[in-house]
Amino acid sequence: MTAIATYERTVVSAWSPFDRWVDGDETAVSDSAKRGFELFTGKANCSACHTGWNFTDNKFHDTGLPTIDLGRAILEPNNPKALYAFKTPSLRNTLYRGPYMHDGSLATMEDVIALYESGGVNRPSRSDNISPFFFTDRERDDLIAFLKTLTPEQQDLPLPTLPN
Ligand code: HEC
């Protein structure tokens with residue numbers, strides 16, 4: 001029992017600022033990040049695919065990323081929407097996971113947002129949830145501030161010392 005309690009304390013300390021905000025702590029994230037969350041679920045439509053606790057629908061979509069990789073179409077050759085479609089990744093801890101996308105073709109989070117703003121390559125397989133939108137510099141900063149709240153400040157958690 002003591003071991004489990006010790007472990008659970010570690011897990012709680014690994015909560016991200018976003019989780020603490022959802023849990024009711026209004027001071028856990030900045031106003032900029034709160035505006036970014038509005039954009040994420042609103043104008044930018046990110047939550048159409050990056051949804052739920054892990055920020056993924058676990059489905060396959062063509063995001064419009066310029067690529068020659070066939071993606072899901074290898075397994076579903078008769079599904080026109082499977083072409084260039086890849087599985088939605090979680091957005092938790094993304095800050096330390098660049099470069100981004102299945103082929104690592106986007107170096108920074110700014111590059112990822114620029115792709116979504118442009119709508120990427122407009123082709124028949126592209127998801128109906130992807131379409132160009134315009135961000136001001138402040139909106140871009142706000143969205144990145146929000147994405148940062150999905151990573152716990154403390155990345156390298158020391159292993160708890162367990163009683164024998
Ligand atoms: C149509 C569904 C869809 C929408 C809408 C969408 N995404 Fe994605 N996202 C994906 C898929 C699928 C991938 C993986 C693409 C790949 O690997 O080529 C991805 C990849 C990413 C990645 C890279 C993660 C990694 O680990 O490589 C980030 C960051 C991201 N999306 C953020 C966003 C943001 C921010 C928005 C809103 C502006 C958004 N997404 C909108 C489906 C979507």
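## Chain layout

Read from the N terminus, the elements of the protein chain follow the order α-α-α-β-β-α-α. That makes five helices and two strands. The model is predicted.

## Burial and surface

The protein chain has 164 residues, of which 38% count as buried.

Among contacts between residues at least 6 apart in sequence, 66% join residues at least 24 apart.

## Helix α3 and its buried residues

Helix α3 covers residues 31–41. Its buried residues are S32, A33, K34, G36, L39 and F40. These buried residues pack against two helices, α2 (17–22) and α5.

## The contact of α3 with α5

Helix α5 spans residues 137–148, and its axis lies 7 Å from that of α3. The two helices pack at an angle of about 95 degrees. Angles of 65 to 115 degrees count as roughly perpendicular, and α3 and α5 are therefore roughly perpendicular to each other.

On the α3 side, the residues in contact are S32, A33, R35, G36, F37, L39 and F40. On the α5 side they are R138, E139, D141, D142, L143, A145, F146 and L147. Sorted by class, this contact has eight nonpolar, two polar and five charged residues.

Several α3 residues in this contact are also buried, among them S32, A33, G36, L39 and F40.

Notes: Residues are numbered from 1 along each chain as its sequence is written. This is a predicted model: local features need pLDDT of at least 70, side-chain atom pairs count only at pLDDT 80 or more; totals for chains, interfaces and linings use all residues. Side-chain values use heavy atoms; hydrogens and water are left out. Axes are lines fitted to C-alpha atoms, for helices over the stretch in contact, and angles run from 0 to 180 degrees between N-to-C directions. Helices (H or I, at least four residues) and strands (E, at least two) are DSSP runs, numbered from the N terminus. Angles under 35 degrees count as roughly parallel, over 145 as roughly antiparallel, 65 to 115 as roughly perpendicular and the rest as oblique. Contact means heavy atoms within 4.5 Å. Ala, Val, Leu, Ile, Met, Phe, Trp, Tyr, Cys and Pro count as nonpolar, Asp, Glu, Lys and Arg as charged, and the others, Gly among them, as polar. Buried means under 20% relative accessible area, exposed over 50%, partly exposed in between (1.4 Å probe, protein chains only).
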